[in-house]
Amino acid sequence: MPFEQDINGVAANALVRNRTHNISLPVEPPGSTGNVSSSPVDQIQEQNHANTVRISVLRESLRPITLKFEDVSYAIELRENRGNCFSSPQPKVKRNILDGVSGVVRPGELLAMLGPSGSGKTTLLTALSSRLPGKISGSITYNGHPFSSSTKRKTGFVTQDDVLYPHLTVLETLTYASLLRLPNKLTRQEKIEHAELTIMELGLTTCRNSMIGGPLFRGISGGERKRVSIGQEMLVNPSLLLLDEPTSGLDSTTAQRIMATLRKLACSGRTVITTIHQPSSSLYMMFDKILVLSEGCPIYSGSANKVMDYFASIGYKPGFHFMNPADFLLDLANGVNPEARQDDQMEFHGSQNEHNATKQFLISSYKKNLLPILKEEIQRASQDEIHPGKSLPSRSSENQWTNSWWLQFKVLLSRGLKERRHESFSGLRIFQVLSVSIVSGLLWWHSDTNHIQDQVGLLFFFSIFWGFFPLFNAVFTFPQERPMLTRELSSGMYRLSSYYLARIAGDLPMELVLPIIFTTITYWMSGLKPSLITFLLTLSIVLLNVLVSQGLGLALGAVLMDVKQAATLSSVMILVFLLASGYYVQHMPPYINCLKYFSFSHYCYKFLVAVQYSKNEVYECGWGGKECRVQDFPAIKYLGIDSMVVDMAALIVMLVGYRVLAYVALSFSSCYGWPTTSAYGTLDFALALRLADEGVTITVIFAVAVAALIMQSQ
């Protein structure tokens, strides 16, 4: 499409220009054939200024941020086992995740959070990025101010898991992020050039046209994926960059390269904070400050160069020379005394009381020796922030969104089409639809009105197949995209309304192509009414049914946001709608007869029958060529074919209502937090279950329809 061609073309030209021009060196004067209205000196200054601006967005922080956090605490309530219904309810137990953590990080400093698993590193990092749900006690300020929308745009947050679209290339990933996150005052070409410059700065030039990759196919390496995640945050030139274990799962060389990149970003005036599990000694030397946590409590916070001297002053020294300081700190955070003899390690590790005693001593020593010094440093930082020369821009002067709604919609629509085309038009899905359409055409080959039961069965199959197949595909949409949606909405990349409408608009060509092919093949093979108008009406009803069922699937996924629950509930609803649609049971009890009015397949089935047969049409109903009216056929008489307007109105109401419900559910979840489930972020499970359910759904529905046709014929 033209939008994608513009991205690729401009980026290719930007690569050549950036290699030769984007350097902070004197520029040769242009030739005499230039514009005579400006002097060569002015042209040189303008060129140098343009090149300096392009470099500064990556090399220098425009608005430095001093981050202060004081006495930060966070607790959660644990759900105890309730036992049976006769047992007395137990009181809720609170667990402290963070307990009195303090620190200050200035521009140009790299703070590393160390600690064993479960010590609260990720929780603290999430709290500092203002993305932690629940109540946080303590004070967290950014240049002396609380977190705001302007601070959000200056903050980059890189999660431990790289949440990226697998079918996009490195260039496309950073280009779309650049178009969405950079301010509207830059042109599209400048944004694309900025994405290309970021690729060069992070050493991703060799893989710029390679796909990211996912669980179903291989893409770029883990280190390259991590640098792409960092590059997405570096596009906005963040003043504050937070990273959650950026070296996890990487080899030492790749980890060294990642940390060297972070060290360079910190030296350019940014405030960089990262959690790291077990760094090597070479990585440790890159840290300016260290914060060591033990079960949510700090045992050290200060300069990385003074950490060994501090613990030596309170009686803890490494067991041997040239020990990695990070290993030494992790041992202390776990309550292990590094001076314990090797022979006594097994006995020492078995004493939990000694571990707890060591931890409590380290925590009390921190409060006695380091906390007062840290309080003074925070106080000095507060005095520096109220200096007259460091005034911050008012919040009212900055808009919440950097781009217009229409631009966000266009970029998200282009990105969605490019990402989902591989899934919607995969070979497996095309084979499924074509095979079912050909088999259906052969089963109903050239049937006529005299075999009205067969034709009614085919119309019912139209309604259930293209009612439930799109529903199963759509129910996984929002649970699968929840990690990406959470990250991008938290960073203020776009509005929820622009994302939702772009998703709805992008689904139209993706979801309607295969039903058109299926209906065209099956309709003319099966011998239904050979009228172009009737065919177009039948096709329109099928497409409307597809959109209604897809809206129901989107609503279920948005409300539940859990793959297992959504799949289970959708299966139950499918069976209820199938039985209440009016084909299997024509004499339902009055107290349950209302179920059919909630079944979209019921209205679609009625609508298809009403379009296919006219009021005065007849068929052979007995021996000797006896003819009966189609309206008198029991199945059609029960349905009633005189209410096409009502059927169409019901489908339209469902079409709009389900999509409004899905948007309201997404909006509620984005404001109050996504529901906590075990499937959070597990794209592998969602993809596997999605592929399995598609095949099972097609097989089961096709078998049920054929079995119903046989039973009715008998």
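Is Arg503 buried or exposed, by its relative accessibility? I looked this up before turning to its partner. Arg503 counts as buried, at 7% relative accessibility; buried means under 20% relative accessible area, exposed over 50%, and partly exposed in between (1.4 Å probe, protein chains only).

I note that this is a predicted model, in which local features need pLDDT of at least 70, side-chain atom pairs count only at pLDDT 80 or more, and totals for chains, interfaces and linings use all residues. Residues are numbered from 1 along each chain as its sequence is written, and side-chain values use heavy atoms, with hydrogens and water left out.

**Entry on Arg503.** I found Arg503 in a salt bridge with Asp507, the closest N and O atoms being 3.5 Å apart. A salt bridge is a side-chain nitrogen of Lys or Arg within 4 Å of a carboxyl oxygen of Asp or Glu. Both residues lie in helix H18 (residues 496–526), four residues apart, about one turn of the helix. Helices (H or I, at least four residues) and strands (E, at least two) are DSSP runs, numbered from the N terminus. Asp507 is also buried, at 4%.

I then looked up Glu377 and Arg106, whose side chains form a salt bridge (3.1 Å, N to O). Glu377 lies in helix H13 (residues 352–385) and Arg106 in the loop between strand S2 (93–105) and strand S3 (110–114), so the pair ties together parts 271 residues apart in sequence. Glu377 is buried at 16%, whereas Arg106 is partly exposed at 22%.

**Entry on the whole structure.** My search of the whole structure gave 19 salt bridges. I also recorded a salt-bridge network linking Arg181, Glu233, Arg415, Arg487 and Glu488.
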